[in-house]
Amino acid sequence: MRQLSGGGDDSGEAHRRLSKAREAALMEDALRAIEPRLISSVTRVTRDYHLAQDITQETCIAVLQEFRRGTKFEKPIIVFATVVARNKLRDHWRKASSSERLYDEPPEHARQLASGPAAGLEYLELLESVKTAISDERQAAVWELTHVWGLKGVEIAELLEVSSATVSRELAAAEIKAKRCRDDEEPAPA
Amino acid sequence: MNNSHSSPHERMLAYLREGDQLVPPDARSPRDGEARYDMLSAAAETTATATNPPERLDVSPDAWYRDGLDETLGRSVVKW
């Protein structure tokens, strides 16, 4: 009978190689799945498709490096990638804002500074108004992860370490509060 | 949409919808698998050796709450 792999140490080595190849294939599939999702969500936030491509690429590279370090992803990879992308976006805006303070006018070569900080400021103000309306940390996080980052209920549940039922309940509560118009709370005087 | 008669929910969704229109249709589906992966893989190899050790990432709920963009950036951004 023909053996699929050699015996003894060779078999162990072959098994490890096969296992690594399978893991790499899974990682490749995961990256293919998360890349379009990240590009969409980061473009929605930044209104800068090229910046979104850069951040998404850096995020995918960070995920790959984490994988190669042997990290076991206990949460879905999209959760990990979303956290990385948000951190990178935060760092980008932080750098952009500090650079902008150094110039009276943004340098011409600084493509990202032209749209990044302005869009960032508008986005942050809108996010703050949503969070103020919701006024609950977990509900606001569920709202943001759903509508901004496009995560599914089960993915949000993994990130926030709650049940999917809790995510649904918190989202419903958050949306009721966030959908209240300012006029609903402050009726005009008669 | 940016008026006091719309809710924070509606204003944010309108903002996101405008950004959504900037995403090319072909970017919404997975790219060519192997070549793309090879490129990312090579880049991961290069940056891993060229840069400082990457930061340890905290994916706990507390970290998500703590590192919110608005709290981390908001105040300093608004001061420009």
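## Ground rules

Residues are counted from 1 along each chain as its sequence is written, while chains are lettered from A and ligands numbered from 1 in the order in which they are written. Because the model is predicted, local features need pLDDT of at least 70 and side-chain atom pairs count only at pLDDT 80 or more, while totals for chains, interfaces and linings use all residues.

## Where the chains meet

Chain A puts 58 residues into the contact and chain B puts in 44 residues (two residues are in contact if their C-beta atoms, placed from the backbone, lie within 7 Å). On the chain A side, α1 (8-46), α2 (49-68), α3 (77-102), α4 (111-134), α5 (137-147), α6 (153-160), α7 (164-178) and α8 (182-185) each supply at least two residues. Helices here are DSSP runs of H or I, at least four residues long, and strands are E runs of at least two, numbered from the N terminus.

Sorted by class, that side of chain A has 29 nonpolar, 8 polar and 21 charged residues. Ala, Val, Leu, Ile, Met, Phe, Trp, Tyr, Cys and Pro count as nonpolar, Asp, Glu, Lys and Arg as charged, and the others, Gly among them, as polar.

## Two helices that cross in chain A

α5(A) and α7(A) pack at about 90 degrees, with their axes 8 Å apart. That makes α5(A) roughly perpendicular to α7(A) (the word covers angles of 65 to 115 degrees).

From α5(A), A:Arg138, A:Gln139, A:Ala140, A:Val142, A:Trp143 and A:Thr146 meet residues of α7(A), including A:Val167, A:Leu171 and A:Ala178. The residues of this contact split into 8 nonpolar, 2 polar and 3 charged.

A:Glu23 sits in helix α1 of chain A. It's exposed, with 12 other C-beta atoms within 10 Å (exposed means 12 or fewer such atoms, buried means 20 or more, and partly exposed is in between). A:Glu23 and A:Ile134 are 111 residues apart in sequence and 41 Å apart in space, C-alpha to C-alpha.

## A look at chain B

Chain B has 4 helices and 0 strands. Of its 80 residues, 20% count as buried. In α1(B), the buried residues include B:Met12, B:Leu13, B:Tyr15 and B:Leu16.

Conventions
Axes fitted to C-alpha atoms, helices over the stretch in contact; angles between N-to-C directions. Parallel < 35°, antiparallel > 145°, perpendicular 65-115°, else oblique.
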